[in-house]
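Let's take a walk through this protein together, one piece at a time. Keep the 3D view open and turn it as you read.

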Amino acid sequence: QVQLVESGGGLVQAGGSLRLSCAASGRTFSSYAMGWFRQAPGKDREFVAAVNWSGGSTGYADSVEGRFTISRDNAKNTVYLQMNSLKPEDTAVYYCAAVRSDRRYYREVYEYTYWGQGTQVTVSS
């Protein structure tokens, strides 16, 4: 079992930046692919970004490509999501997710085993 705790959400103006963090409990953090998803009211949870076990391979949703960066520090059991040039459309609860994997990262909600409780990101216009 893995526990994930997100932090760093808040209220920012359009064009601003936020950095989200996800702290994981496991000693074997480096054996997990990690992802960020988001969910706005009345909408399905959607893929934002993901990274493989080593941090050497990343993927992004088209809507955030070039603006968001996912990274991880396995020594600190932490994954980050740097969000720049934020838009009101980015407003959502952001969730951190993990799945045991020594190969690729994953893009689908159903592929992940562990989830954090989410952190609210609100972007005003």
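**Strands, rings and a cavity**

Start with an open sheet of 4 strands, which pair in the antiparallel sense and are arranged in the order 1-3-8-7. Strand 1 (4-7) and strand 7 (68-73) sit at the edges with a single partner strand each, so one side of each has no neighbour in the sheet. Going from one strand to the next, the twist averages 15°. Keep in mind that you're looking at a predicted model.

Now zoom in on strand 3 (residues 18-24) and strand 8 (residues 78-83). These two run antiparallel and are joined by 6 bridges. If you want a spot to look for, find cysteine 22: it stands opposite valine 79 in strand 8. While you're there, here's a handy idea about strands: in a regular one, the side chains alternate between the two faces of the sheet.

Next, hop over to strand 4 (residues 32-39) and strand 5 (residues 46-51). Strand 4 and strand 5 pair in the antiparallel sense, with 5 bridges between them. Here you can pick out glycine 35, which stands opposite alanine 50 in strand 5. The two strands make a hairpin with 6 residues between them, and in this hairpin glycine 42 takes a positive phi near 80°.

Strand 5 has another pairing to show you. It pairs with strand 6 (residues 58-60) in the antiparallel sense over 3 bridges. Alanine 49 has tyrosine 60 in strand 6 as its bridge partner. Strand 5 and strand 6 form a hairpin too, with 6 residues between them, and glycine 55 in the turn has a positive phi of about 90°. How much of strand 5 is covered? Mostly it is, with 5 of its 6 residues buried.

Time to look at the rings. The structure has 6 aromatic pairs. Take phenylalanine 37 and phenylalanine 47: their ring centres are 5.7 Å apart and their planes meet at 70°, so this pair is edge-to-face. The pair links distant parts of the chain, since phenylalanine 37 belongs to strand 4 and phenylalanine 47 to strand 5, 10 residues apart.

Tyrosine 106 and tyrosine 112 make another edge-to-face pair, with 6.4 Å from centre to centre and 85° between the planes. The cut-off gives a clear result here as well: tyrosine 106 is at 15% relative accessibility, so it counts as buried, and tyrosine 112 is buried at 6%.

Last stop: the gaps inside. Rolling a probe the size of a water molecule over the atoms shows where empty space is left. How many cavities of 30 Å³ or more does a search of the whole structure find? It finds 1, and the volume of the largest cavity is about 30 Å³. You can trace its lining by selecting Val2, Leu4, Ala24, Gly26, Thr28, Phe29, Tyr32, Met34 and Ala98. What kinds of residues make up that lining? There are 7 nonpolar and 2 polar residues, and no charged ones.

How values were computed: Residues are numbered from 1 along each chain as its sequence is written. Side-chain values use heavy atoms; hydrogens and water are left out. Two strands pair if DSSP finds at least two bridges between them. Axes are lines fitted to C-alpha atoms, for helices over the stretch in contact, and angles run from 0 to 180 degrees between N-to-C directions. On a 1 Å grid over the protein atoms alone, a cavity is a set of points where a 1.4 Å probe fits but cannot get out, and a pocket is an open set with protein on both sides within 12 Å along at least five of seven lines; lining residues have an atom within 4 Å of a point. Grid points are joined across faces, edges and corners, and a volume is the space filled by probe spheres set on the points. Ala, Val, Leu, Ile, Met, Phe, Trp, Tyr, Cys and Pro count as nonpolar, Asp, Glu, Lys and Arg as charged, and the others, Gly among them, as polar. Rings of Phe, Tyr and Trp (its six-membered ring) pair if their centres lie within 6.5 Å; planes under 30 degrees apart count as stacked, over 60 as edge-to-face and the rest as tilted. Buried means under 20% relative accessible area, exposed over 50%, partly exposed in between (1.4 Å probe, protein chains only).
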